[in-house]
Amino acid sequence: MKVDVPTLVEQARLGRPRAVARLISLVEGASPQLREVMAALAPLAGHAYVVGLTGSPGVGKSTSTSALVSAYRKAGKRVAVLAVDPSSPFSGGALLGDRIRMSEHASDPGVYIRSMATRGHLGGLAWSAPQAIRVLDAAGFDVVLVETVGVGQSEVEIASQADTSVVLLAPGMGDGIQAAKAGILEIGDVYVVNKADRDGADATARELNHMLGLGESREPGDWRPPIVKTVAARGEGVDEGVEALEKHRAWMEEHGVLAQRRTARAAREVETIAVTALRERIADLHGDRRLDALAERIVSGGLDPYAAADELVAGLTGLPGDSQGPPSGPGRGYASPA
Ligand SMILES: Nc1nc2c(ncn2[C@@H]2O[C@H](COP(=O)(O)OP(=O)(O)OP(=O)(O)O)[C@@H](O)[C@H]2O)c(=O)[nH]1
Ligand SMILES: [Mg+2]
């Protein structure tokens, strides 16, 4: 069904949750009208502070998110929560628990909570998360909290979408080692050891501190990620967490890092959209006469496959192909994103 985009955007701007929900559904469903939506949103966005929260399943991300929502609400901010589930093609199901965990905010008009599934989408998380974030940003939320379950690459991906990345760990989950394995130690701007009411929280914090220190080659003025201990279920340590976030934000602003990160994020977004578009065009070529003609020339020995691919890419993009061939041997096709 065709959507009246200007009206929808206007209503979202007024904070109408149904309009916001509708726009995010357009993102989730990769609607053909997204182009129009994004054009309408572009001038409205760029104000929200985007915080990513990631960590192993059950570490306390949703509980912490809910506690952060309370803290920011107390400070008079409008807050949106985007719970991204990279493992599911359906939103809702797996995140039902989150909704219960955050139900205390359900009737607060200053809070918007939404879950989103990304699996099975072209471009996945890298494609859909920034667009959903832009919807929330344009809708006037001061803070957007993005919760992602730590499954492999997704947390590193989500970190690249946020202004500030929070990595959560909990004692007794072997999280320290897992964090090192998953590359999480590279992405945290703030570390939280949650469930500090349990044994081993100090040891986890120490281990983390040690691991973070190992790679240390920081210049004066560089950001040193703080480690905050919390009992999210009781709201303990949450104020310290907010303080760490605000410090990081101030540091980023002071050092031009915020603008840098946002520019890098936009660049990746454009890249993802462009690569997706190219890939679609290339996928459309199966059975295309141009492709068949090139293939016939390869078979007859008149053309090598790299030169043929160059010709194809040049024909699709209007750009000359890369005649250098692939950087790392066969198999790295033109359509694969970086
Ligand atoms: N003891 C203790 N339990 C906590 C604390 N914070 C959260 N929990 C509990 O840990 C469980 C998981 O919390 P969630 O907030 O759902 O964790 P999550 O990281 O969002 O989980 P997924 O979204 O499933 O990955 C719940 O039963 C919480 O009540 C805490 O500080 N201490
Ligand atoms: Mg959760």
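Predicted model: local features only at pLDDT ≥ 70, side-chain atom pairs only at ≥ 80, totals over all residues.

Biologist: Which residues of helix 3 are buried?

Modeller: An α-helix has 3.6 residues a turn, so residues three or four places apart point the same way. In helix 3 (residues 34–41), V37, M38 and L41 are buried (20 or more other C-beta atoms within 10 Å of the residue's own; exposed is 12 or fewer, partly exposed in between; C-beta atoms are placed from the backbone). Helices are DSSP runs of H or I, at least four residues, and strands are runs of E, at least two, numbered from the N terminus. Seen down the axis of helix 3, the buried residues fall within an arc of 95 degrees (taken from the directions from the axis to the C-beta atoms), so they line one face. R35 and A39 are exposed, on the face turned away from the buried side.

Biologist: How do the axes of helix 12 and helix 13 cross?

Modeller: Two packed helices are described by the angle between their axes and the distance between the axes. The axes of helix 12 (residues 289–299) and helix 13 (residues 305–317) come within 10 Å and cross at roughly 160 degrees (lines fitted to C-alpha atoms over the stretch in contact, with angles from 0 to 180 degrees between N-to-C directions). Helix 12 and helix 13 are therefore roughly antiparallel (over 145 degrees; under 35 is roughly parallel, 65 to 115 roughly perpendicular, the rest oblique).

Biologist: Is K195 buried or exposed?

Modeller: K195 counts as buried, because it has 25 C-beta neighbours inside 10 Å. K195 sits in the loop between strand 6 (190–193) and helix 9 (201–214), and its phi is near 60 degrees, a positive value in a residue other than glycine.

Notes
Residues numbered from 1 in each chain as written. Chains lettered and ligands numbered in written order.
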